[in-house]
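User: Take me through this structure, please. For each label you use, I want the value and the cut-off behind it.

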Amino acid sequence: MHHHEQPPRNACNGGAREGGLVWRGCTAECDAEDGTAGTLTDGNANPGDKLEGSDAAPDDPVHLKRRVGLFSGVALIVGTMIGSGIFVSPSGLLVRTGSVGISFIIWMACGLLSLLGALAYAELGTMNTSSGAEYAYFMDAFGGPPAFLFSWVSTLVLKPSQMAIICLSFAKYAVEPFVAECEPPDSLVKLVAVICIVMILAVNCYSVNLATNVQNIFTAAKLAAIAIIVCGGAYKLILGNTRHLQEPNFASSTATLGNIATAFYTGLWAYDGWNNLNYVTEEIKNPSKNLPLSIIIGIPLVTLCYALVNVSYLAVMSVSEMTDSDAVAVTFGNRLLGPMAWLMPLAVTISTFGSANGTLFVAGRLCFAASREGHLLDILSYVHVRRFTPAPGLIFHSLIAVAMVLSGTIDSLIDFFSFTAWIFYGGAMLALIVMRYTKPHAPRPYKVPIIIPILVLVVSTYLVVAPIVDKPQWEYLYAAAFILAGLVVYVPFVKWGFSLPFMDKITVLLQMVLEVVPTSTTFEY
């Protein structure tokens, strides 16, 4: 079989390095016996080229087996999407739209947008089955710099801000039962959020098994919390308590074009996580069938849960009560559960703690992968000697998250997060459209109608541009400046391979303090 020429290979495990970047022509079967690699190229030149390797090569030291079936795929999507959002966002959405009817339409539209976005991701994920989601797609469609910018922004902004938002929500709910009807002081909430980050960091640094067990137990708890809310709401509706649902208030709406975009941010924050399955495509059994199926089952399921929860909230509380409450689910519990009201804040704290744990778990892996490819400091790809956890990456993330907790509020962080995230979601849609033309014959086991990525691209452009036009905030400027600052780092440190003379000493010191070593797959320089 004819193989394409590659740039010369350095000592690396299954990928050629060019200017500090791993050259991603390689797929899972990179270490073929003849040392050549399958490449993702236009099928005209080589129609027999198979994109999807059956599995990793048997002698590969890092061996990912395909273990995620359909049920696990759906569970992963549902478990990561339902985080703190549904317990916090409903009030933010109502404040920004001023109308029950419009807020319902936005909840459903967010679900639809997530579903369309995820289906487009399913094509990208089955076309390029290496894990890493956007990083891998940007590399294929646009080359090194955009892919580097994604890993730069994800590790330094997106994942830590996600963690900070979830831990602040955790703190709000944890403190709520101890301060009767008044607002808990800000300093106390921030202190509890920082303690939460430190606890999760300890769990994740201690052992991988402990982190995954925490995740499983807490996912069950969050589904129980949603069941309590839905059953309570159903009970109230049966009693005939529908007056808040009969006033959609379209006329009284305060929504403007920019307002609707930021309301979308609040709603989409609750749905975030719809692309998480794409980070583990290497481990999905039969991905061309199970990836789209998990998405088609998982996301409508979450949308249905969210619709029922919103109806339940309004069956128990008035619109003004919901907009005044920072912790909607707790107010709901106080109203309905009587002496058992403490169950609600407990269930939500467990749910948010579980989400934060999952976020750090994924973030540590992303940081680990990016630095292993020469995109971040070497030390971040090192692993603890005895526990085999990527401790430096986890600690690095937690420090940034703590800084964000101390400096921001939930709403400003959600806007900042969504603004940055949707720039990259839009970029992934553009990558799909570009590759339809640049790689028309690359194998696509699952193909999405071209109108879907175009639609999502238009919406994501609107979500990024509208809030800036409507109400310019410094945060948006900071976010854009930060993304572009990545290029300043990329050129000298990644492209030219420049390294600071004292970095080695710092790396050795940190290695001794943290007891970490490079992994067997770290590139030799």
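Predicted model: local features only at pLDDT ≥ 70, side-chain atom pairs only at ≥ 80, totals over all residues.

User: What makes the pair R444 and E123 a salt bridge?
Analyst: Their closest N and O atoms are 3.0 Å apart. A salt bridge needs a side-chain nitrogen of Lys or Arg within 4 Å of a carboxyl oxygen of Asp or Glu, so this pair qualifies. The bridge joins distant parts of the chain: R444 sits in the loop between α14 and α15 (451–470), E123 in helix α3, and 321 residues separate them. Helices here are DSSP runs of H or I with at least four residues, strands are runs of E with at least two, and both are numbered from the N terminus.

User: Which residues are linked in a network of salt bridges?
Analyst: E123, R436 and R444. R436 and E123 also meet through their side chains, at 2.6 Å from N to O. That pair is 313 residues apart, with R436 in helix α14 (residues 410–438) and E123 in helix α3 (residues 100–127). The structure holds two salt bridges.

User: How do you know whether R436 is buried or exposed?
Analyst: R436 has a relative accessible area of 15%, so it is buried. And E123? Its relative accessible area is 1%, so E123 is buried.

User: What is the nearest side chain of opposite charge to K159, and how far away is it?
Analyst: It is D272, 6.3 Å away. Lys and Arg count as positive, Asp and Glu as negative, while His and the chain ends are not counted. K159 is buried yet has no salt bridge. K159 belongs to helix α5 (residues 144–175). Beyond four places in sequence, K159 is in contact (heavy atoms within 4.5 Å) with S154, T359, V362, A363, L366 and H397.

User: How far is D186 from K190?
Analyst: D186 is 5.1 Å away, and is the nearest side chain of opposite charge. K190 is buried, again without a salt bridge. K190 lies in helix α6 (residues 186–206). Setting aside residues up to four places away in sequence, K190 touches L168, V405, L406, S407 and G408.

User: Why is helix α4 described as largely enclosed?
Analyst: Eight of the nine residues of α4 (residues 134–142) are buried, so the rest of the structure largely encloses it. The buried ones are E134, Y135, A136, Y137, F138, M139, D140 and A141. After α4 comes G143, with a positive phi near 90°.

User: How do α5 and α16 pack?
Analyst: The angle between α5 and helix α16 (residues 474–495) is about 115°, and their axes are 9 Å apart. Axes are lines fitted to C-alpha atoms, for helices over the stretch in contact, with angles from 0 to 180 degrees between N-to-C directions. Residues of α5 in the contact include F148, L149 and W152, which meet a set in α16 that includes F482, I483 and Y490. The contact divides into 14 nonpolar residues, two polar and no charged.

User: What about S325, buried or exposed?
Analyst: S325 comes out at 9%, so it counts as buried. S325 lies in the loop between α10 (319–324) and α11 (328–336). Beyond four places in sequence, S325 touches S91 and T331.

User: How many helices and strands does the protein have?
Analyst: It has 17 helices and four strands. Of its 525 residues, 56% count as buried.

Terms used
Residues numbered from 1 in each chain as written. Heavy atoms only, no water. Buried < 20%, exposed > 50% of the residue type's maximum accessible area, 1.4 Å probe, protein only. Nonpolar A, V, L, I, M, F, W, Y, C, P; charged D, E, K, R; others polar.
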